[in-house]
Amino acid sequence: MSIESTPKQSWWNRMAHPGQFVAWTTPLLWPLAILTLCLFILGLWFALFNSPEDYQMGDTVRIMYVHVPSAWLSQFIYVAMSASALGTLVWRHPLADVSMKAAAPLGALFTTLALYTGALWGRPTWGTFWEWDGRMTSTLVLLFIYLGIIALWRAFDDQLRAARIVAIFTLVGALNIPIIKFSVDWWSTLHQPASVFRPDGPTMPLSLLTPLFIMLFAFTFLFITLYLKAIHTEVKRRRVTTLQRRAAQKEAS
Amino acid sequence: MSAFLALLGRELKLARRGSGNVLTLVLFFVITGAIVPFAVGPDQLLLARIAPGMVWVAAFLAMLLGLDRLFGEDQDDGTLLLLRQADLPLGAIMAAKLLAHWLISALPLILASPVLAVLLAMDLASFWRMLASLLLGTPALAAFGTVGAAVTVAIRRGGLIAPILIAPLCVPVLIFGVGGITATHSGSALLFLAALSLMAVTLSPFAAALAIRSAED
């Protein structure tokens, strides 16, 4: 039965066919990449040339425009991964497996970037690369969780079985992350408190906020582009594995 | 209930027959703690200051070591397959496993902890607090361990994966556990620790059951 002759289904069900998803989203890749590039050019121009220095931190404040978006993504990607894990466990959606697997390395990447830029920023302003402060510690623990999830994926030969197990662990981790965050805050605090999203309005002037928001969007779109590409690659990789297995079977028989 | 008790009895009997394992675990716990003075010097004041942390690290490592025994043998000899088909819900089976794991690999450590308290120059007041914090905190470690072991049961060479997976999850237990021993904020830390243990022990059997069930599909 070909795809044309199957009865009309909702887009949700049709997306369950990974090939369909790839076919639909491939045309999106280039526009997304170009949009990301434009946002980056605009954001970097604002961040590097058209925004004032901080009166205390001087030029180092510009690290913020990379640091804050990566820190935001490090948590956002875990949310995306948990949503995919729910998709795997509740609906057994085949695409959710793939999306969950594609998100983990990206999450680890952006978490590393957040930690790295944070260390570079901490050296001139706090006088140390690393401090066991609450937020930094919880980000480090988050990185360990990402790496653990990647290790778990790699430990399985059968990726279909791995998906459900990794999904369970991802959700256990999602339950734990708020607890970890709370506990390390209780344990030690040096990092400045949240200064953008607050009930009484942001404490930063608009001249710093504009580039920050553009960079937030740029990084988010960068993630979406990389994410789509990673999903496509994973679908193709699985197809190759299946074809190889089939070829080996034919050879054996 | 009788099936639950029978399963618990089986686990304990297995542990008693091969009691070398339990003894090794306790020995590991004591030796890990006793090695600290060699590394940092025999200064009594310093030792007393870092003793709570060292006891918790030793307990944490010892409990990680006992993990592969949790489901490993059952998976090898097919018991796990039988358990999955038992009348008892898999969640209850996991709860029995969790309880047995705590009795076998946490309780002996708590019983051996006075040795470490003496070796690490703890005073009596902190010793009692340590006992309370170990009693309240180890159930959470056992619960996370059960999930970790269940998640890795299908991996043939998964020996090191489970500790890597659950170590980040155990961070709050260590924080509140050590916080409960040091004198300031001791009470609130112990309450958080108890809450954490209650939550982990309640939820983890279901997560473990789900993992075991999907490992064999």
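**Entry 1: chain B against chain A**

I looked up the contact between the chains in this predicted model. I found 21 residues of chain B in contact with 21 residues of chain A (C-beta atoms, placed from the backbone, within 7 Å). On the chain B side, α8, α9 (161-169), α10 (171-181) and α11 each give two or more residues. Helices here are DSSP runs of H or I with at least four residues, numbered from the N terminus. I noted that α11(B) gives the most to this side, with 6 residues. By class, I read 18 nonpolar, 2 polar and 1 charged residues there. Ala, Val, Leu, Ile, Met, Phe, Trp, Tyr, Cys and Pro count as nonpolar, Asp, Glu, Lys and Arg as charged, and the others, Gly among them, as polar.

Residues are numbered from 1 along each chain as written, and chains are lettered from A in the order written. Local features need pLDDT of at least 70, side-chain atom pairs count only at pLDDT 80 or more, and totals for chains, interfaces and linings use all residues.

**Entry 2: α3(B) and α8(B)**

Next I checked α3 (residues 44-65) and α8 (residues 124-151) of chain B; their axes come within 11 Å and cross at roughly 30 degrees. Axes are lines fitted to C-alpha atoms over the stretch in contact, with angles from 0 to 180 degrees between N-to-C directions. The two helices, α3(B) and α8(B), are therefore roughly parallel (angles under 35 degrees). I listed the residues that meet: Ala59(B) and Phe60(B) are among them in α3(B), Leu134(B) and Thr138(B) among them in α8(B). This contact has 9 nonpolar, 3 polar and no charged residues.

**Entry 3: Ala59(B)**

Ala59(B) touches Phe29(B), Leu109(B), Leu134(B) and Thr138(B), leaving out residues up to four places away in sequence.

Technical notes: Parallel < 35°, antiparallel > 145°, perpendicular 65-115°, else oblique. Contact = placed C-beta atoms within 7 Å.
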